[in-house]
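Hi,

Here is the structure I promised to pass on.

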Amino acid sequence: MDAGAEVERDPDARDDSERAALRAVTRQALSVGIATGAYGVSFGAVSVAAGLSVWQTVAMSALLFSGGSQFALAGVLGAGGSGVAAVATSTLLGVRNGLYALQVSRILEVRGLRRLVAAQLTIDESTAVAIGQQDPRAMRRGFWLTGVIVYLGWNLSTLAGALLGNAIGDPTIYGFDAAAAAAFCALLWPRLRSLEAGATAALAALLTVVLVPLAPPGVPVLVAALAAVVVGLLDRRGRGDETGVGDETGVGDGREHRPGEHAGEEPA
């Protein structure tokens, strides 16, 4: 086969690959966005039951737009906690979104008003879909499409849940309480191929299970995030040991080299 003809077909093959990646991330964004958006029904009902008005509930979804933080705030208020405690707990849990922004900002490279919109849409699902892609265009499409779909679905279903309240029954019966977690796990699973990733996930899960009965809402998630730091430090230390720093000079192998003698070579 002519090498020149093969080179000429490479751009077309690359274009086909990019289009396939864009189609795949579009399907992923739609499935995650619809499943997560429907979960807002649960928050709307829970928030009204905790004593917030319909419009307070809707405003929280529109402005705060962080499911974990919203449930934490409504849960503390519903349990009789003070407004200060509710806001503190919600803020503590929302710290993770700031950490997501450090990664997402390098992917999107946006400025001005779009940067503010991107900050609002930086949530678990949009970040997970974005970083789960290989192609930069697919990353950006995954972030924006997932974020917009979740935002619209979450706010509409929040309004529905707040208006209907107890009329819809327990939202957990319909599985809405597990939709977001299931979608996030499905996105995370393909990335757990390495030993480091698996160890990080296992340690994070263990810390969460241990701390949930003991720590205030939000704290277990933040502590579990330290699992990545611990695994990273251990992995770095292990790699440092494997490199055998100092072997070239004889340091660390228990002997000195005489002038003209190469490291690792027996003396004549």
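The largest nonpolar core has 22 residues, and the members that touch the most others in it are Phe-65, Leu-108, Ala-118, Phe-143 and Trp-144. By nonpolar core I mean a set of buried Ala, Val, Leu, Ile, Met, Phe, Trp, Tyr and Cys residues joined through side-chain atoms within 4.5 Å. Buried is under 20% relative accessible area, exposed is over 50%, and partly exposed is in between (1.4 Å probe, protein chains only). H4, H5 and helix H8 (136–164) are the elements that give two or more residues to this core, and H8 gives the most, with five. Helices here are DSSP runs (H or I, at least four residues; strands are E, at least two), numbered from the N terminus.

Ala-118 touches Leu-108, Val-110, Phe-143 and Trp-144, leaving out residues up to four places away in sequence. A contact means heavy atoms within 4.5 Å. There is also a second, separate core of five residues, with Leu-22, Val-25, Val-129 and Ala-138 among them.

Before you go further: this is a predicted model, where local features need pLDDT of at least 70 and side-chain atom pairs count only at pLDDT 80 or more, while totals for chains, interfaces and linings use all residues. Residues are numbered from 1 along each chain as its sequence is written, and side-chain values use heavy atoms, with hydrogens and water left out.

How confident is the predictor? The pLDDT (its confidence in each residue, from 0 to 100) averages 77 over the protein chain, and 72% of the residues score at least 70.

As for the overall build, the protein chain has eleven helices and zero strands. Of its 268 residues, 32% count as buried. Among contacts with a separation of 6 or more, 70% are between residues 24 or more positions apart. The accessible surface is about 16,100 Å², and carbon and sulfur atoms make up 64% of that (areas are from the Shrake-Rupley method with a 1.4 Å probe; for residues, only the protein chains shown count as cover).

Most residues other than glycine have a negative phi. Phe-65, in the loop between H3 and helix H4 (67–78), has a positive phi near 45 degrees. Glu-109, in the loop between H5 and helix H6 (113–120), also has a positive phi, near 55 degrees. Phe-65 counts as buried because its relative accessibility is 4%; Glu-109 is at 65%, so it counts as exposed.

Is Thr-158, at 0% relative accessibility, buried or exposed? Thr-158 sits in helix H8 and counts as buried because of that 0%. Leaving aside neighbours within four places in sequence, its contacts are Gly-40, Val-41, Phe-43, Gly-44, Thr-57, Val-58 and Ser-61.

Finally, the surface. Leu-92, Val-95, Leu-99 and Leu-102 form a nonpolar patch there, with about 350 Å² of accessible area together. Leu-99 belongs to helix H5 (residues 83–108). Patches are made of residues with over 30% relative accessible area and no salt bridge, with nonpolar side chains (Val, Leu, Ile, Met, Phe, Trp, Tyr) joined within 5 Å and like charges within 9 Å. A salt bridge is a side-chain nitrogen of Lys or Arg within 4 Å of a carboxyl oxygen of Asp or Glu.

Cheers

Notes. pLDDT = per-residue confidence, 0-100.
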